[in-house]
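Please walk me through this structure, beginning with a strand and its neighbours and then turning to the aromatic rings.

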Amino acid sequence: LRVAIVGSGPAGFYAADHLLRREGVAVEVDMLDRLPTPFGLVRGGVAPDHPKIKSVIRVYEKTAARDGYRFFGNVQLGRDVSSAELAERYHAVIYAYGAETDRHLGIPGEDLPGSGPATAFVGWYNAHPDYAHLEFDLSCERAIVIGNGNVAADVTRMLALTRDELAVTDTADHAIDPLAGCAIKEIVVLGRRGPAQAAFTNPELRELGEMVDADIHVDPAELELDELSRSYLESEAGITARKNVEILNEFARKEPEGKPRRIVLRFLASPIEIQGDGRVERVVVGRNELHRDETGALRARDTGERETIEAGLVLRSIGYKGVPVDGIPFDDRRGVIPNEAGRVVDRDRGGHMPGQYVVGWIKRGPSGVIGTNKKDAQDTVDSLFEDLEAGRVPEPAGPGRDSIHALVTERRPDHVTYQGWQAIDRAEVERGKPLGRPRVKFCKIDEMMEVASREADAVPAAERG
């Protein structure tokens, strides 16, 4: 069974692991990624001060060491190989490329300098090649972070870390001085719904109240739950939401310690307009109330009440969104590939697209934590094997496994093998050792390619790929 996996983040690696562990079936997995480096948001999205979360990479390294696994880095779907060409060469293709763009607020002033997506800020401090060239003006005294999830918590924390805390992480070299020297004294985090609906996980929320350099502030009045929120907590909410409310109440009772910075958590508040003369200077914020929509879901509704908050930086963290791939159906509204149990649904013709599958955020939307992808991938792989046993997996029309290596080599001769990635990995770790840091990341693709090509030159041609 030959399977191509497009994307090398957690969802892709969990799918590869489930495939390669399957007993009774000989499986070969080729994983493609547009970057020279694997591991997706574990490398490029997890905050640098959370090294324990990144340790999951060791699990993926074991998968990559299994017989039958190959990595093709610096190979982009659509540019170097098409979905049709993959379908010709593999029994199954699993799309695992995540959600690489961000959602917009859709309000006036959103595009002013000083306003941008948290995804870009995260990529910038994580040395992601797409964002390493960006610059962020951190000379203002107040920043506003829009959103109530873990990415919002990450960027808030990163803005408040001390130089000593940053210096022992793998934060991008170009970001350490700006972050350590930033003038921001207050970070206001806006959530459009109430405290009971905040999407933080408990550890990430608690961390905001344990910062070395920043006090936490929550107005007790904003924690007074309305009838809908009380009912939600009692009958619908999980343990995480109930614990979040407890933690927020602890924050509200906490006396400030006089630290140089302050993190303010606000609820039932949405940005209405971002204002400024040539750049962000203030944000008009609306007060919300909760109501149930026609589906019964709790939504925020504008009350018409307004306030203005002076700020020089606005980072929106209101969700990631997937992008379409030529030849594969796409749900524009949700930003996902439509599917049933991981089988890609052909809405035009009806039924499933034989041999086409999906996992992770491009399957279900940007929800859950890293571990959520393990069961998600298992469900999709189970669907694939059910189809295989039922004879619904098509036999590849094109040539065998060697043909993809020949095709990629022809179109992208500088593609990166897993051995090439390991060379990049070793070089980054070596760069970090003299500084007492876990690694100093390369943030330019040509730098990575140079290191990987030296490794390729040292490997006999028969062993490459």
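In strand β2 (residues 28–33), L32 is the bridge partner of V6, a residue of strand β1 (residues 2–6). The two strands run parallel and are joined by five bridges, where strands count as paired if DSSP finds at least two bridges between them. Between β1 and β2 the chain passes through helix α1 (residues 10–20), and this β-α-β crossover is right-handed, that is, clockwise from the first strand over the helix to the second when the strands point away from the viewer. Helices (H or I, at least four residues) and strands (E, at least two) are DSSP runs numbered from the N terminus.

The model is predicted, with local features needing pLDDT of at least 70 and side-chain atom pairs pLDDT 80 or more, while totals for chains, interfaces and linings use all residues. Residues are numbered from 1 along each chain as its sequence is written, and side-chain values use heavy atoms, leaving out hydrogens and water.

Strand β1 also runs parallel to strand β4 (residues 92–95), through four bridges, and V3 stands opposite A92 there. R2, A4 and V6 point one way from β1 and V3 and I5 the other, and all are buried (under 20% relative accessible area, with exposed over 50% and partly exposed in between; 1.4 Å probe, protein chains only).

Turning to the rings, the whole structure holds 14 aromatic pairs, counted for Phe, Tyr and Trp (its six-membered ring) when centres lie within 6.5 Å, with planes under 30 degrees apart called stacked, over 60 edge-to-face and the rest tilted. F13 and Y60 are stacked, at 5.3 Å centre to centre and 20° between the planes, and both are buried.
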